[in-house]
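Subject: Structure handover

Hi,

Here is the structure you asked for. Please have a look, then read my notes below.

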Amino acid sequence: MAASTRTLCMFLVALIWVNAQYAFVNCALMPELQRKIDKINQEGPYLGLIIPNAFELDPLLQNPGYTASDLIIDFAGRRFRFGAIGDKPVILVMTGLSVINAAITTQLLLSFFSIEGVVHYGIAGNANPSLHIGDVAIPESWAHLALWSWQRYGQGTENTLPLEDNGDYTREIGYLKFADFTSNLSSDSTFDNQLNNIWYQPEEIFPIDGVPEERQHALWVHVDSKYFNIASKLVDMELDACINSTTCLSTTPKVVLVDRGTSASFYLDNAAYRTFIYNKFNVSPVDMESASVALICFQQKVPFIAIRALSDLAGGGTAESNEADTFSPLAATNSVAVVIEFVKLLSVHSKWWSV
């Protein structure tokens, strides 16, 4: 019994020692990383370029307009690449898919590095029937349209939502009624749907210049007005229309300033919902990240803009309807081309602003 007790004690001592050494190593790395970041920030500020996925990042890394440096910092599961577009120092970071990844990455970028502004770019689906695959859409405002109050079956527009009186939820933005999308019914048929209604909700936000834990609300978040004005100078820019010598678009891609874009944590490939949100909210690009970047930058009071090239008409409906697999590379290339030119113009205007 005594021998077994001694063995157990020795094992516990060894385990504690190993864990202590591991903790020591980790603690030693953190100050080193912090010193490295502090030194980097002394050479800033930087323009942050936030990119959803590798197939949107790679065309920028390969573009002659981007000059990479040898400096890369990996932490918190993200890779921060340092370089320049023209004479503008930039930090590139890939978020990964979805609004959650985009929000985490944006907050990391703004919390650890000296950032003067953010440019978010990538590809997107299209909800606007007047636009085409390959076009690059630059919205003036963004919203996350997947925060809902899902109403109980049997209740309707006249019924107060749960927690509405507390200010947690609202009926001011509007709703979608599932029964309106029932098909294969005669014109005189009446139909109900147990899914009932979803009511769109604004985000709760906590800006850095607000009172901590005192919420505010935001739905449509505007991009920086100066950035949007600079983007207006790109409307005559020539964009690629062909993937190769045999595969080309039927229309010539263009840069378009639009009113609104929207994000949600789902891939939209449904014509009925596309038409609904276009008619109700006047949105053009639909994606999974931009609104998150917008909401974080808005709360942190950092200028931002989002640039999205259209890869498909969400849900189909035309001869060029559902070609995301075919034309995504072309859309990604066009988005990068616009970003390069935007940053060059921003660099020139920044010098004017500082005079």
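This is a predicted model: local features need pLDDT of at least 70, side-chain atom pairs count only at pLDDT 80 or more; totals for chains, interfaces and linings use all residues.

Two strands pair if DSSP finds at least two bridges between them.

**Strand β1**

β1 covers residues 46–51. It runs parallel to β4 (residues 88–94), and five bridges join the two. β1 also pairs with β5 (residues 115–126), again in the parallel sense and over five bridges. There, Leu49 has Val119 as its bridge partner.

How many of the residues of β1 are buried? Six of its six. Both faces are covered. Tyr46, Gly48 and Ile50 lie on one side. Leu47, Leu49 and Ile51 lie on the other.

**The cores**

Leu49 turns up again in the largest nonpolar core, which has 64 residues. Leu49, Phe113, Val118 and Phe342 have the most contacts inside it. Helix α7 (residues 324–354) gives the most to this core, with nine residues. There is also a second, separate core of 17 residues. Leu145, Leu176, Ile198 and Val286 are among its members.

Which residues does Leu49 contact, leaving aside neighbours within four places in sequence? They are Leu60, Ile85, Val90, Ile91, Leu92, Val93, Val119 and Val339.

**Gln201**

Is Gln201 buried or exposed? Its relative accessibility is 2%, and the cut-off for buried is under 20%, so Gln201 counts as buried.

The Gln201 side chain reaches the backbone oxygen of Trp199 at 3.2 Å. Not counting residues up to four places away in sequence, Gln201 touches His144, Leu147, Trp148, Ser149, Leu161, Asp168, Tyr169, Thr170, Ile173 and Leu219.

**Helix α6**

Last, α6 (residues 290–300). Why is this helix described as largely enclosed by the rest of the structure? Because nine of its 11 residues are buried. Those nine are Ser290, Ala291, Ser292, Val293, Ala294, Leu295, Ile296, Cys297 and Gln299. Just after α6 comes Lys301, with a positive phi of about 60°.

Best wishes

How values were computed:
Residues are numbered from 1 along each chain as its sequence is written. Side-chain values use heavy atoms; hydrogens and water are left out. A nonpolar core is a set of buried Ala, Val, Leu, Ile, Met, Phe, Trp, Tyr and Cys residues joined through side-chain atoms within 4.5 Å. Buried means under 20% relative accessible area, exposed over 50%, partly exposed in between (1.4 Å probe, protein chains only). Helices (H or I, at least four residues) and strands (E, at least two) are DSSP runs, numbered from the N terminus. Contact means heavy atoms within 4.5 Å. A polar contact is a pair of N or O atoms within 3.5 Å; within protein, one must be able to donate a hydrogen and the other to accept it, and residues adjacent in sequence count only if both atoms are side-chain atoms.
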